[in-house]
Amino acid sequence: MAYLSAPVDARRARRAALAGGALLLAALTACSSSSPKPPEPPALGAVPRTVGVEHLRLPVERYMLSPHQALTLDEASDAAVRACMRRLSVPYPPPARSVADPAERRQAVNGYTVLYRRYGLTDAAEARTWGYHAPTAAGRSPSKSAQPKPPSSAARGVLTGVDTSGAPLTAHRGRPVPRGGCLGEAERLLGAAGPQGPGTDPEGIVARIKADSFERSMADPRVRKVFSAWSACMRSRGFEMSTPMDEVPSANAERPSRKEIAQARADVACKERTNLVGVWFAVESAYQKAAIEEHGTELEKVTTAREKTVRALDRLTHSSFRERS
């Protein structure tokens with residue numbers, strides 16, 4: 001019955017094709033299942049109920065100088081640079097007025113405080129007085145005339161250790177210029193490359209963890225959810241903002257307007273109502289803890305360097321070269 005062979009062969013071919021398709025599907029499924037999945041957001045620890053940030057510390061801050069130490073580092077570094085410039089008889093702009101007034105020093109310290117306005121405006125008292133503007137001590141606006149003149153090209157060369165052609169500057173009027181100029185000398189004395197201690201320069205591990213955790217937290221679904229709740233609260237009070245990072249154009253005016261102050265007060269009140277700061281802080285802390293675990297070896301070196309910087313600060317702030325006004 002040769003006439004049966006054609007359908008049988010056809011059925012065999014069809015079964016073979018189906019089997020091949022099944023094998024292909026299985027292979028594709030295996031490939032898709034083995035492809036890397038996006039990492040799961042890290043689990044949260046305790047979520048504080050807060051709107052203020054004064055009592056909060058991000059995990060990475062343990063590897064940084066405290067805000068007061070960072071300000072002292074800045075002052076000591078400036079004094080070391082001035083001593084070097086004076087030794088080489090190079091004119092240099094006079095130092096800024098000493099930050100002795102408690103209110104002025106508090107505002108200066110804010111510049112080194114990691115969480116100060118990291119999550120937007122969080123201080124109700126500042127909102128009532130300044131809106132979104134940066135506070136200034138005793139209500140004074142910075143004076144443009146008080147800004148020092150930039151150093152001359154000769155001073156810049158001694159300061160940086162590089163001449164106008166870009167070549168290393170090794171001498172000035174017969175006197176040796178330190179490697180890297182007076183800035184390099186100050187850095188070696190203090191052992192810190194970044195404004196908030198070792199590892200906080202733009203390419204440093206601490207700076208990278210800080211920047212990455214902030215970026216990741218902004219995109220985290222838990223933070224996006226609380227942003228939505230905060231935005232709805234702001235809308236109910238007559239202000240359209242999607243996130244606390246949205247620009248407020250009036251903040252660039254010379255003084256805060258009544259409308260800006262009203263918006264700022266609503267901003268802080270809505271943060272308190274939705275616990276935006278507590279959630280955001282908890283989420284960013286979780287990302288930082290994961291990064292700290294991953295980069296433990298690098299951070300051990302940062303800890304050692306930080307301790308060296310603190311010791312240098314203690315020594316240099318009592319040395320004879322420190323200028324006081």
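## A walk through the fold

Among contacts in the protein chain (heavy atoms within 4.5 Å) between residues at least 6 apart in sequence, 75% join residues at least 24 apart. The model is a predicted one, in which local features need pLDDT of at least 70 and side-chain atom pairs count only at pLDDT 80 or more, while totals for chains, interfaces and linings use all residues. Residues are numbered from 1 along each chain as its sequence is written, and side-chain values use heavy atoms, with hydrogens and water left out.

The protein chain has 11 helices and 2 strands. These elements are DSSP runs numbered from the N terminus, with helices being H or I of at least four residues and strands E of at least two. Read from the N terminus on, their order is α-α-α-α-α-β-β-α-α-α-α-α-α. Of the 325 residues in the protein chain, 39% are buried; here buried means under 20% relative accessible area, exposed over 50%, and partly exposed in between, with a 1.4 Å probe and protein chains only.

### The nonpolar cores

Let us turn to the interior. A nonpolar core is a set of buried Ala, Val, Leu, Ile, Met, Phe, Trp, Tyr and Cys residues joined through side-chain atoms within 4.5 Å. The largest such core holds 41 residues, and Val206 and Met234 touch the most other members. Two or more residues each come from helix 7 (205-219), helix 8 (221-236), helix 9 (258-274), helix 10 (276-294) and helix 11 (296-316). Helix 10 gives the most to this core, with 9 residues. There is also a second, separate core of 13 residues, which includes Val81, Cys84, Met85 and Leu159.

What is Met234 in contact with, leaving aside its neighbours within four places in sequence? The partners are Tyr132, Phe239, Met241, Gln263, Ala266, Asp267 and Cys270.

Rings of Phe, Tyr and Trp (its six-membered ring) pair if their centres lie within 6.5 Å, and the planes count as stacked under 30 degrees apart, edge-to-face over 60 and tilted for the rest. The whole structure has 3 aromatic pairs, and ring pairs link Tyr119, Phe214, Phe227 and Trp280 into a cluster.

### The second largest pocket

Now for some open space. On a 1 Å grid over the protein atoms alone, a pocket is an open set of points with protein on both sides within 12 Å along at least five of seven lines, whereas a cavity is a set of points where a 1.4 Å probe fits but cannot get out; lining residues have an atom within 4 Å of a point. Grid points are joined across faces, edges and corners, and a volume is the space filled by probe spheres set on the points.

The second largest pocket has a volume of about 500 Å³. It is lined by 26 residues, and the closest to its centre are Glu54, Arg106, Asn110, Tyr116 and Glu126. Helix 2 (67-87), helix 3 (102-110) and helix 4 (124-130) each supply at least two lining residues, with the largest share, 5 residues, coming from helix 3. By class, the lining has 13 nonpolar, 6 polar and 7 charged residues. In this scheme Ala, Val, Leu, Ile, Met, Phe, Trp, Tyr, Cys and Pro count as nonpolar, Asp, Glu, Lys and Arg as charged, and the others, Gly among them, as polar.

### Residues in the loops

Several loop residues are worth a visit. Most residues other than glycine have a negative phi. Ser89, in the loop between helix 2 and helix 3, has a positive phi of about 55 degrees although it is not a glycine. Ser89 is partly exposed, with a relative accessible area of 42%. Arg173 sits in the loop between strand 1 (171-172) and strand 2 (175-176), and its phi is also positive, near 55 degrees. Arg173 is exposed, at 74% relative accessible area.

Met64 lies in the loop between helix 1 (5-34) and helix 2. Is Met64 buried or exposed? Met64 is buried, with a relative accessible area of 3%. Not counting residues up to four places away in sequence, Met64 touches Val114, Gln196, Thr200, Val206, Lys210 and Arg306.

Glu240, in the loop between helix 8 and helix 9, counts as exposed at 63% relative accessibility. Leu169 is placed in the loop between helix 5 (153-160) and strand 1. With residues up to four places away in sequence left out, Leu169 touches Gly157, Val158, Gly161, Val162, Asp163 and Val177.

| Residue pair | Separation along the chain | C-alpha distance |
|---|---|---|
| Leu169 and Arg179 | 10 residues | 8.2 Å |
| Glu240 and Gln263 | 23 residues | 9.7 Å |
| Met64 and Pro198 | 134 residues | 7.2 Å |
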